[in-house]
Each structure stands twice: as C-alpha cells, then as structure tokens.
Amino acid sequence: RVRQALAASDRDALAAADVGYTLDVLQGRLRQLAGGRASVARHGQHLALDLSRSVAFEPAGPRPGPGADAMLAPLGRLLADYRQVLATVRVSAADAASGNDPRLAQARAVAVAQALADAGVAKSRIVVVGTTGARAGAGPRVEVQLDPVLRAAPVRAPSR
C-alpha cells in the first residue's frame, strides 16, 4: 500500500530508466557515510544497509543505546534527499538480555524508524518490520532496506 501511494506521485517516484543511476549514486553516498561502521550491499533493485555494528540497544530495552544517533541522524539526513526511495527498517530482538521477543523487536524497529524520521525522512516512506531470530554470539541485527519507488504506469482508457 505504501509503495502504491508513493508511486502515484511523479515527485515521489522514479521512472524505471532512472533506477540504476539513482541506486548507484545512493550506494556511493551510503558507503562514504558508513565508513567501517556499517555495510552497504546492492541486491538487484534494492540496497541493504546493515547497521548492526553501529546501532546497539539498551539491554532488554527498546531504545538505541549511546552512540547510535551518530549513525542514524546523518543517515536520516541523507535519505531525506531521496524522496523516491522506500526505507524498510528490520530489527531483531535477539540478544543475551532480551531473548527473542517479537514485541521488543518491533519496538526497536520503531525506535530506529523514529530516529530516521526525526532526521528528516518522511514517515510515509518508512516501513517498520520487527523480526525474530538469533545471530550466534551477536546482538540484535539492525538493517535498513532501500527500495526505489517506481512511477505508476498511466491508466489508459479502453479503446472503443
């Protein structure tokens, strides 16, 4: 639904021919921003940003811990410039203090999404997904998937 609503606007969607260039430029800017604090990967028509190294949470709590804002605020400012990109935030709750609680995962994803929105990303362009599942020996996994929103094809009236 979110993607369809954005696709109806020429301002909030890309023409199919512009997707490759837009993702290439965004990927380069994300790599500059992330440095060694996050990884950026391109998978076909979307980018995956793994923030697990730079965004940690309070033990068994939903709020990002100290230092997370140093990554989330600049990321939000950068993504605010890309109106034609949908950001899906996924956070797992799996860590030693919290176990594998789906409600906590959702709350953590909402907190990350709110930090991005506070930095300038339109809330209408953020989708929140809390996940479960553990990574052996690691804390919560924090990912932002970036997908281009393709402009909706004009509806043609049927021929008579």
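What share of the contacts in the chain with a separation of 6 or more comes from residues 24 or more positions apart? I looked this up before anything else. Such residues account for 71% of those contacts. I took a contact to mean heavy atoms within 4.5 Å.

**Ground rules.** I am working with a predicted model, where local features need pLDDT of at least 70, side-chain atom pairs count only at pLDDT 80 or more, and totals for chains, interfaces and linings use all residues. Residues are numbered from 1 along each chain as its sequence is written, and side-chain values use heavy atoms, with hydrogens and water left out.

**Fold.** I found four helices and five strands in the chain. Helices (H or I, at least four residues) and strands (E, at least two) are DSSP runs, numbered from the N terminus. I read the order along the sequence as α-α-β-β-α-β-α-β-β.

**Surface.** I noted an accessible surface of about 8,600 Å² for the chain. Carbon and sulfur atoms hold 52% of that surface. The areas come from the Shrake-Rupley method with a 1.4 Å probe; for residues, only the protein chains shown count as cover. Next I checked burial. Of the 160 residues, 42% count as buried. Buried means under 20% relative accessible area, exposed over 50%, and partly exposed in between (1.4 Å probe, protein chains only).

**Salt bridges.** How many salt bridges does the structure hold? I found five. The term asks for a side-chain nitrogen of Lys or Arg within 4 Å of a carboxyl oxygen of Asp or Glu. Side chains of opposite charge can pair when their charged atoms come close.

I went to Arg-141 and Asp-50. Their side chains meet in a salt bridge at 3.0 Å, N to O. This pair links distant parts of the chain, 91 residues apart. Arg-141 lies in the loop between strand E4 (126-131) and strand E5 (142-148), while Asp-50 belongs to strand E2 (residues 46-50). Is Asp-50 buried or exposed? I have Asp-50 as buried, at 15% relative accessibility. Arg-141 is partly exposed, with a relative accessible area of 29%.

I then followed Arg-141 to Glu-143. The two form a salt bridge, with the closest N and O atoms 2.8 Å apart. Which residues do shared partners join into one network? I wrote down Asp-50, Arg-141 and Glu-143. Glu-143 is partly exposed, at 27%.

My last stop was Arg-63 and Glu-58. Their side chains meet in a salt bridge at 3.3 Å, N to O. Arg-63 counts as exposed at 54% relative accessibility, whereas Glu-58 is partly exposed at 29%.
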